[in-house]
Amino acid sequence: MAVPRLWRRIPTRYNLIGTECQTCRGLYFPPRTTCPMCRRDGRIVERKFKGTGKVITYTTIYSASAAFHRQTPYVLAIVKLDEGPQLTGQIVCDPDEAKIGMKVRPVFRKLGEDGPEGVIYYGTKFVPAAEVS
Amino acid sequence: MIGITSYGAYIPRYRIKVEEIARVWGNDPEHIKKGLLMYEKSVPDLDEDTATIAVEAARNAVYRCNIDPKEIGAIYVGSESHPYAVKPTATIVAEAIRATPELTAADFEFACKAGSAAIQTCMGEVAMGAIKYGMAIGADVSQGAPGDALEYTAAAGGAAYIIGKKNLIAEIEDTFSFTTDTPDFWRREGESYPMHGGRFTGEPAYFKHTISATKGIMKKVSTKPSDYDYVVFHQPNGKFPLRVAKTLGFSEEQIGPGLIVPRLGNTYSGSSLMGLAAILDQAKPGARILMTSFGSGAGSDAFSMTVTDGIEKIRDKAPTIAELLKNPKYIDYALYAKHKGKIAV
């Protein structure tokens, strides 16, 4: 990933900063610059999401790309945040622990890196909400 | 008065037992358990490093006191395992707790005492009025070479402290440091694993510096061991801090609550700070605490502090050390080697 692209995504990835349209109260993650409902009447502002939510659906990855092969098997899920928006993210748990409807909370983890000499990407993953920390 | 406004800690969930490491290298586990007073140690997940641990500890410190992170004017992260050789961990923490952009940040390195050096720096900046709050973190995913004695102790974890003048949970009466150039622990640039002086790490390094700094702070604030309710020393294993306590006249009751190394391992820059966190998890207002760190053979920082009424209000707002140590996931040496990147593929 190009460094500027990574850098622009830091607020989104570290703290789940999305957007809210003050006209229709629509909530968006990832952030949008224009409200798809209100168009030019939309008033978009920054909105931080708590990161707690529940698993809508998930899959277990056994065959991953080179960047993720050391982590297999891992759980990739669509998480519906408590505020409403849905996003794709990794659930840090054993595959047999994952359940549809399971409550999750955010954790700060390493998402990847551009090889041993490149930048490291950090951001949000999820764990089952019952876990301490 | 300057002191601690909040604290937070983080410990990864994975553990490896002494028996499992001893099985691989043909050592006698009972001899190691008895010799080091160590039973198991924490291991980071595949996607955890010093930065992620520092962020989780920092977030717990912020949750616990509910201050606006924008009021934190300095963040310093002490570690011997920063993920980048050049590029600060502290800026990652600052961004992740939303303290940016009006603050200063830097990484500290002094083996196991970089976190306590960060506390002293924050104290200085708060004292001069340059900042309202400063955050000092000690975090590590420490490495021991395969087969080295360090493998039994080198663990992962971290603790964060918010230093300020307001909303204190503990007042720091003073700090005292003792430093020499004693090369008992080092890692050269580009090397994966640290080297150490073996038996040389005892008397001229750990004991000399820890004891001298502890005596120094007690002389500076005119106290004696019996004036303290709790004491915590750097914990490279379970045995060394107990011997320092005995030498100086501290009881097992004073050192016990902060001695968390037997089931956690040595979290290096986090070590004494994690022990202090375990004490703050249970100390009553008015309790006096003495903490002495130690790093790299060459230095110790000692602090004398008194817990305030404020502790009761914030203690339960973030996980305690005991809670973080619960529900471990035990792994074997092969998975441990994978988690620690010891297998080159």
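Visitor: A111(B) lies in the loop between β5 and α5 (114-127) of chain B. What makes A111(B) count as buried?

Guide: The cut-offs are simple: a residue is buried if 20 or more other C-beta atoms, placed from the backbone, lie within 10 Å of its own, exposed if 12 or fewer, and partly exposed in between. A111(B) has 26 other C-beta atoms within 10 Å, so it is buried. Its phi is near 45°, a positive value in a residue other than glycine.

Visitor: Before we go on, what sort of model is this?

Guide: This is a predicted model, in which local features need pLDDT of at least 70 and side-chain atom pairs count only at pLDDT 80 or more, while totals for chains, interfaces and linings use all residues. Residues are numbered from 1 along each chain as its sequence is written, and chains are lettered from A and ligands numbered from 1 in the order in which they are written.

Visitor: And N66(B), is that one buried or exposed?

Guide: Here 11 other C-beta atoms fall within 10 Å, so N66(B) is exposed. N66(B) belongs to the loop between α3 (50-65) and β4 of chain B, and it too is a non-glycine with a positive phi, about 60°.

Visitor: You keep saying α and β. What makes a stretch a helix or a strand?

Guide: Both are DSSP runs, numbered from the N terminus: helices are H or I over at least four residues, strands are E over at least two. Chain A comes to 2 helices and 8 strands that way, in the order α-α-β-β-β-β-β-β-β-β from the N terminus on.

Visitor: How do you know that α6 (202-220) of chain B has close to its expected length?

Guide: The expected span is 1.5 Å times one less than the number of residues. With 19 residues, α6(B) is expected to span 27 Å, and its first and last C-alpha atoms are 25 Å apart.

Visitor: Where does α6(B) bend?

Guide: At K208(B), by about 35°. That angle is taken between axes fitted to the seven residues ending there and the seven starting there. Just after the helix, S222(B) has a positive phi of about 55°.

Visitor: What do the buried residues of α6(B) pack against?

Guide: The buried set includes A205(B), Y206(B) and H209(B). The partners are β8 (170-179), β11, α7 (239-248), β12 (288-292) and β13 (299-307) of chain B. Packing rests on contacts, and two residues are in contact if their C-beta atoms, placed from the backbone, lie within 7 Å.

Visitor: What makes β2 and β14 of chain B a pair?

Guide: β2 (14-17) and β14(B) share 2 bridges in the parallel sense, and pairing takes at least two, so they qualify. R15(B) has Y330(B) as its bridge partner.

Visitor: How many residues of each chain take part where A and B touch?

Guide: 14 from chain A and 19 from chain B. β7(A) gives the most to the chain A side, with 4 residues.
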